[in-house]
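Me: Please take a close look at the strand pairing here. I would like one connected account, with cut-offs given.

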Amino acid sequence: MKSLNILICGGGCAGPSLAFWLVQAGHHVTIVERFPALRATGAQIDIRDQGISVLKRMGLLDTVRSMRVLEAGFSFVDAQGKSKGTIMANTSGKGAQTMTSEYEIMRGDLVRILYDATQDSVEYIFGKTVEHFEQDEHSVTVHFSDGMTGTYDMLVGADGQGSRI
């Protein structure tokens, strides 16, 4: 299989995760991220089922485990603050997870872990966006926000719900 030159738009969780596997398959990957640096913000993310096995295959599960949010579980309370029920996290490593995950991590921590795992093999470009692109049967030409252009074999949108890719 020919090695492809791939541009991924989005340096959060999905972009670097995909880049990790594309590099493993022998492709050259560039990630363009509109923010000037890694975004270390965001809510907690529960990693479940397939996500856990993928992180294990990536060799990142122990790192994620070391950075996880230690949430024991949660309780339902009434208007007076009296507990009406509690669901504990299954931290045994066996069986089904409960409504709260053993692998709960802050988004920014996960982004940093994925960046650290890919920074030596993926080209990162921060502070730039894809303004528009044209494609034909052979390639895609990308026009960046700084006026530069680039030609790639593939363009992937991994930049969230507001993506224009």
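**Strand pairing**

Reply: T141 in strand 9 is the bridge partner of E134. The model is predicted: local features need pLDDT of at least 70 and side-chain atom pairs pLDDT 80 or more, while totals for chains, interfaces and linings use all residues. Numbering starts from 1 along each chain as its sequence is written, and side-chain values use heavy atoms, without hydrogens or water.

Strands are DSSP runs of E with at least two residues, helices runs of H or I with at least four, both numbered from the N terminus; two strands pair if DSSP finds at least two bridges between them. Strand 9 (residues 140-144) is joined to strand 8 by five bridges in the antiparallel sense. These strands belong to an open, antiparallel sheet of three strands in the order 8-9-10. Strand 8 (130-135) and strand 10 (149-152) each have a single partner strand, so one side of each lacks a neighbour in the sheet. Neighbouring strands here are turned by 20 degrees on average, direction ignored; axes are lines fitted to C-alpha atoms, for helices over the stretch in contact, with angles from 0 to 180 degrees between N-to-C directions.

A second open sheet has four strands with parallel pairing, ordered 7-2-1-11. Its edges are strand 7 (123-126) and strand 11 (154-157), each with a single partner strand, so one side of each is left without a neighbour in the sheet. Four parallel bridges link strand 1 (residues 5-9) to strand 11, where M154 is the bridge partner of I6. Helix 1 lies across strands 1, 2, 7 and 11, at about 170 degrees to strand 2; contact means heavy atoms within 4.5 Å.
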